Amino acid sequence: MTKIKPQPGILDISPYVGGSSKVDGVENVVKLSSNENPFGPSEAAKEAFRKAGFDLHRYPSTGHEKLREAIGEVHGLDADRVICGVGSDEILSLLCQAYAGPGDEVIHTEHGFAIYKISAQANGATPVEVPERERVTDVDAILAACTKNTKLVFIANPNNPTGTMIGEAELARLADRLPKHVLLVVDGAYAEYVEHYDGGAALVDMRDNVVMTRTFSKLYGLGGLRVGWGYGPAHVIDVLNRIRGPFNLSTAALVTAEAAVRDTEWAAKCRADNTRLRAWLAEALAEKGVPSDTSTANFILARFASREEAEACDDYLKSEGLIVRRVAGYNLPHCLRITVGDEPSCRRVAHAIGQFKEGAR
């Protein structure tokens with residue numbers, strides 16, 4: 001029997017695998033594998049979600065006006081150039097759908113987020129992986145990789161899973177030196193964890209070739225609702241809105257995200273707690289012989305001597321009810337990505353890694 005073939009590139013995709021949330025035979029596990037906010041959403045966001053239950057029979061807004069206005073007010077952006085999506089993943093996919101296809105190239109870095117490659121392949125484009133410099137985005141390597149076929153450049157700043165980032169001057173240099181036909185996409189999923197960083201918004205306002213994406217899944221604690229947004233030149237946002245599903249976000253997602261972004265006090269508290277606990281965890285692991293780069297996100301990329309040691313440590317942590325993330329799929333087989341949890345979780349994982357290093361295998 002003849003099978004109906006999908007579009008070119010689809011069968012080349014390795015499906016995305018999320019962080020584990022359970023360990024067979026172990027109860028009361030601590031999940032530190034998906035970079036979730038351990039403190040959850042604000043009370044204002046939870047109340048908005050509860051109230052949304054009374055309107056489940058109504059279709060949501062197609063234009064997302066109230067959420068876009070809230071984002072614009074809080075971040076000082078033009079709300080007319082904001083687009084909302086099902087997580088920032090949808091915005092990234094829409095960009096590939098709109099601007100990349102067969103014969104086109106999409107650049108991403110060697111340790112960049114898996115969705116960049118998946119979205120390129122899903123639209124028949126060719127993903128082009130460029131090297132990083134000691135787990136940091138290399139602007140010169142990206143510029144050298146650009147060709148007449150390049151349509152999009154994806155970088156995460158801060159990057160996932162490395163936690164590193166480049167400064168605003170380097171971002172501007174990249175935007176300025178890209179060929180005129182190339183769109184730079186700055187994925188700011190973790191931008192809220194960096195004090196006084198706009199995630200690339202100023203670049204968007206000053207240039208015609210930059211788009212910024214953000215999410216409510218991390219700092220705002222709304223991973224379960226899937227809400228993200230993008231900010232870009234008017235001509236790009238117009239194109240994306242033409243292919244975006246009209247009811248892509250539910251009413252519950254829209255009103256909860258609006259309440260979350262307006263609760264700046266809760267966001268500031270979560271950012272401060274993460275900064276404090278991240279520094280503690282990095283230092284605690286370093287003292288046990290497990291180094292990491294300076295992280296600017298809500299996780300630590302712990303480096304081990306070999307893939308074998310990293311996997312053995314992961315197995316030991318699982319036996320102790322601690323779930324972290326292997327990142328061999330990101331060309332980092334000797335590393336484990338560890339979410340910064342609450343204080344008891346951080347102390348527990350640091351203690352367990354210490355026990356592992358001391359020979360409790």
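**Reading a predicted fold: a tutorial**

Analyst: The protein has twelve helices and twelve strands. Its radius of gyration is 21 Å, close to the 21 Å given by the globule rule for 361 residues, so the protein is as compact as a globular protein of that length. This is a predicted model.

User: What does the C-alpha trace span along its principal axes?

Analyst: The span is about 60 × 55 × 50 Å. The accessible surface comes to about 16,300 Å², with 51% of it belonging to carbon and sulfur atoms.

User: What share of the residues is buried, and what share of the contacts comes from residues 24 or more positions apart?

Analyst: Buried residues make up 54% of the 361. Among contacts with a separation of 6 or more, residues 24 or more positions apart account for 74%.

User: Which residues are in contact with Thr213, leaving aside its neighbours within four places in sequence?

Analyst: Thr213 is found in strand β7, residues 210-215. Its contacts beyond those neighbours are Ser88, Ile91, Leu92, Val185, Val186, Asp187, Gly188, Ala189, Trp229 and Gly230. Thr213 counts as buried because its relative accessibility is 0%, and the cut-off for buried is under 20%.

User: Turning to charge, how many positive and negative side chains are there, and how many salt bridges?

Analyst: A salt bridge needs a side-chain nitrogen of Lys or Arg within 4 Å of a carboxyl oxygen of Asp or Glu. By that rule the count comes to 28. The protein has 41 positive and 48 negative side chains, and the centres of the two sets lie 3 Å apart.

User: How far apart are the closest N and O atoms of Arg133 and Asp138?

Analyst: They are 3.1 Å apart, and the pair forms a salt bridge. Arg133 counts as exposed, at 52% relative accessibility, whereas Asp138 counts as buried, at 11%.

User: Where in the chain do Glu170 and Arg173 sit?

Analyst: Both are in helix α6, residues 168-177; they are three residues apart, so about one helical turn separates them. Glu170 is partly exposed, with a relative accessible area of 29%.

User: Which parts of the chain does the salt bridge between Glu311 and Arg326 link?

Analyst: The side chains of Glu311 and Arg326 meet at 3.8 Å, N to O. This pair links distant parts of the chain: Glu311 is in helix α11 (residues 307-319) and Arg326 in strand β11 (residues 325-326), 15 residues apart. Glu311 is partly exposed at 24% relative accessibility, and Arg326 is partly exposed at 34%. Both belong to a salt-bridge network that also links Arg307, Asp314, Asp315 and Lys318.

User: What is phi of Glu134, and what is phi of His196?

Analyst: Phi of Glu134 is near 55°, a positive value in a residue other than glycine. Glu134 is found in the loop between β4 (126-130) and α5 (139-145), and is exposed at 59% relative accessibility. His196 also has a positive phi, near 65°. His196 is in the loop between β6 (183-187) and α7 (201-206), and is exposed, with a relative accessible area of 75%.

Methods. Residues numbered from 1 in each chain as written. Predicted model: local features only at pLDDT ≥ 70, side-chain atom pairs only at ≥ 80, totals over all residues. Heavy atoms only, no water. Buried < 20%, exposed > 50% of the residue type's maximum accessible area, 1.4 Å probe, protein only. Helix = DSSP H or I, 4+ residues; strand = E, 2+ residues; numbered from the N terminus. Rg over C-alpha atoms; globule rule 2.2 N^0.38 Å. Contact = heavy atoms within 4.5 Å. Areas by Shrake-Rupley, 256 points an atom, 1.4 Å probe, with all protein chains shown as cover. Lys, Arg positive; Asp, Glu negative; His and termini not counted. Charge placed at Lys NZ, Arg CZ, Asp CG, Glu CD.
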